[in-house]
Amino acid sequence: MASIAIPHPASPAPRKAWSSWQTWGVIMLTPYILVFLVFVLYPVSYGLWLARHQQSYVTLFDDPVFFRTVVNTIVFLLVAVNLKFILALFLSGFFVHERAWIRGLSVIFIIPWAVPAIPTIFSIRFMLNPEWGIINSVIFRLTGLDGPNWLNNPTLGLTMAGVVHIWKALPFWTLILIAGRLAIPREQYEAASVDGATGWQKFKYVTWPSIRTLYLTSTILSMIWTLGDFNSVYLLTGGGPADLTHVLATLGIRYIRLDQVDQAMATIVVALPFVLPLVYFMMKRLSADE
Amino acid sequence: MAAVSFRDIRKSFGKTPVLHGISLDIANGEFMVLVGPSGCGKSTLLRMLAGLEDITGGSIAIEERVVNDVDSKDRDIAMVFQSYALYPHMTVRENMGFSLKLRKEKQALIDQRVAAAARILNLEPFLERQPRQLSGGQRQRVAMGRAIVRDPKVFLFDEPLSNLDAKLRVAMRAEIKALHQRLKTTTVYVTHDQVEAMTMADRIAVMHDGRIEQLGEPLELYDRPANLFVAQFIGSPAMNVFDGVFQGNSVQALGARWPTSARAAEGQRVKYGIRPEHLEPASSGAEGKIAAEVVVVEPMGAETELLVKIGETPLTVMTRGRSNAGPGERIFLAPQASHAHLFDAAGGQRL
Amino acid sequence: MNKFAREAKLWLIAIPILLWTLLPIYHIFLFSISSKDSAFSGALWPDHPTLRNFGTVFRQEHFYLHHFWEQIWNSLWIAVATGLLTLAVATCAAFAISRLKVKGGRAVMNAALFTYFIPAAFLAVPMYKAMGSYGLLNSRWSLVLAMVTLASPYAIWVLKQASDKLPWELDEAARIDGATPLQLFRLVYLPLMMPSLVAIGTYALLLAWNEYLYAFLLLSHENTIPLAVGLGHFLASDDSPWELLMATALIYALPPAAIYYAFRRYMVGGLTAGAVKT
């Protein structure tokens, strides 16, 4: 029964089978596209349009608060984020130990991330109160000396904002690094043990090469997000004293509260040359994996 | 009347062509197996028949109706997937009745059809279970049950036994074949396993590089392979093939004269092919015997496989019963002339 | 002995972690059960623990608490609306991109990812301006829509990752069985995605409940603001009733913590898996 060379009639019917799936795809994608157009694309374009005046930038650069803010932001990003990640790297090594009580502790350890920012930051704020706060009262009881005026000193205030940021965000990044460490096959450690590796050598030759990329990606992502961390500074110091602890996130909002929206947008536009490369790097990383 | 016919089917993924004009007619009630190594295009061809892949060129007809632009659900086919593709959140009963439910059939009819299929496949005790509570073989049967319930014109199987262990595979092979003999539904079955193809098919299409190398009944392919590819693909262990020159009524190769009843031009360069079971050990006194050195002995009980070499060329020999030869020993082989195959040395076509 | 030293080392790490984590939390609790005098004395445990602060809060018996129940209701309304809307928008988008392979899906995914990476406080400024021009300022919807905008990129990303893991053959089987795209979505996709949907719904809900910046930018009417903004108002004066603030804050923090721990099984697996790919 060899195939007979009578061709089937050409079929003129349109390819409606596939197109109905495509049509539904477009319909189901539309809600998000609308959200994006209306609440991201339009606002951002409008904002950039507002930031078009050269005068905004002149005023901005003349504002002494702005220069201080840029320095604060850079210090906050470099110090707080890196300190947070070194701690997270260390703690993730602690939490991968298989003990029932460590598992219990890890549940408690997550609390700062699981609860909203305001209550805990306010709590820390009062703890740092120079007259009635629990910190200074403990210092007094132990040493008989008055503790520092934590939030009225710009350097201490910004440091404490960094501490608040670390307190709040550390659990999340530790969790990420724990996941990274748990993904390393146990055989690699067993092989290293058989080869006589010490704890430090195991970290250097097994753990670190496996989680290096994750560590780097997470650090960059965290830097982008920390740039937008409004709460840690605003709820703790409010930008004070004398507007000396502002970061870019709080400065932009400060201008809005002063009804200077052009100025607020200019602040953000100034930061874009630093943010966009990081965003581009992250986009590359995430879509390269697909 | 052909149940399924392919006419000059072409398929490209982007610029890469994977099917180069396949034409094939499958008769009503026939069990057709598409077999070939991975990447030969057999699954693509099946998926085009199922309506899961676009057709680049040519046409496909089911019972004389061109279905190129017909949606899968309107082609009246049912398919069993390699991974079974059972809906994990539905019970066996719901899985099997899903297609009828989508067609808005009456519940009484759905129940009746599911019950009938479950009886055929011995799935009655499992109807209320979920797929993850079933063994691999049971899941396989549910996948078939889902196909049966629809009472389609054509069953499509895409490597349905690949995920089962060896023992279960043999059992399911027989079950699928028995099912086909009972239902007599036209079946297109894709596999890379030539044993499955040989044991189950009414006819086999051997595919390679997007073309059908040979189409025929299992033993026809075994006895008269059309070319070197089919000769070496069909049969296990594989056919021995080596280069030689046709002289007189035999082939001069590996320093010996190999008898054949096939004919070629005097002095023509040929490939000489002989299956392991047609290369029996002979006594030292036999006529036309060929000496070989034993390398490995693999006793399998009913038969014994010997790996031997002549010079540096390895050959496989299959003998019934036991063999008392040991590694390193010299034995003598007697090729059966009537079962020797000759292929053109350049094109690989059968002579 | 060696084993003992190793365990001791672990405990030495554990104790600072415990203190560090719990101190601010304990401090909230301490204040909420203290009288004002006791709270301001720096004591580590009040002489006379009391639940009176909670009574004051529930009966709205303070200037800052006059709208307590209304604010809780606003918080709840905004969180639930955000959760549901985000789920609807993100699930449809993830299904269209991952399962229907809609043309342009990749571009939309990239746009969403881009939004995800904009620092939230940066988007707040133009968002505030745009909400103003839409006339939505001071409507609870403005905050809901802003939160949906912030939550859906990550939601789509995580749901897409999860849907990509569903076997493609299920869709093909459903198509052969005769399912339309909507039937595939309703009868096969949604039931199989349930764990991820729970995680994402919870994520968006908590994000909205916890949000402060957008809430205080977009809403200022005292009967539209959520509790988060109401808490911020406590700091308007220098002699704030901190013991009442902390009692209210505790009430505000408990639901999200409870929800987080209730769904932790889904959250940790569902959210961290997609959070950062290696």
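**Sheet in chain B**

B:A292 stands opposite B:I331 in β19(B). This is a predicted model, in which local features need pLDDT of at least 70 and side-chain atom pairs count only at pLDDT 80 or more, while totals for chains, interfaces and linings use all residues. Residues are numbered from 1 along each chain as its sequence is written, and chains are lettered from A and ligands numbered from 1 in the order in which they are written.

- Strands β16 (residues 290-299) and β19 (residues 330-335) of chain B pair in the antiparallel sense over four bridges; strands are DSSP runs of E of at least two residues, helices runs of H or I of at least four, numbered from the N terminus, and two strands pair if DSSP finds at least two bridges between them.
- The open sheet of chain B has five strands, in the order β15-β19-β16-β17-β18, with antiparallel pairing.
- Because β15 (279-282) and β18 (313-320) of chain B stand at the edges with a single partner strand each, one side of each is left without a neighbour in the sheet.

**Contacts of chain C**

- With chain A, 72 residues of chain C are in contact with 74 residues of chain A, where contact means that C-beta atoms, placed from the backbone, lie within 7 Å.
- Helix α1 (residues 2-32) of chain C gives the most to the side that touches chain A, with 11 residues.
- With chain B, the contact takes 14 residues from chain C and 17 residues from chain B.
- On the side of chain C that touches chain B, α8 (168-177) and α9 (181-210) of chain C each supply at least two residues, and the largest share, seven residues, comes from α8(C).

How values were computed. Two residues are in contact if their C-beta atoms, placed from the backbone, lie within 7 Å.
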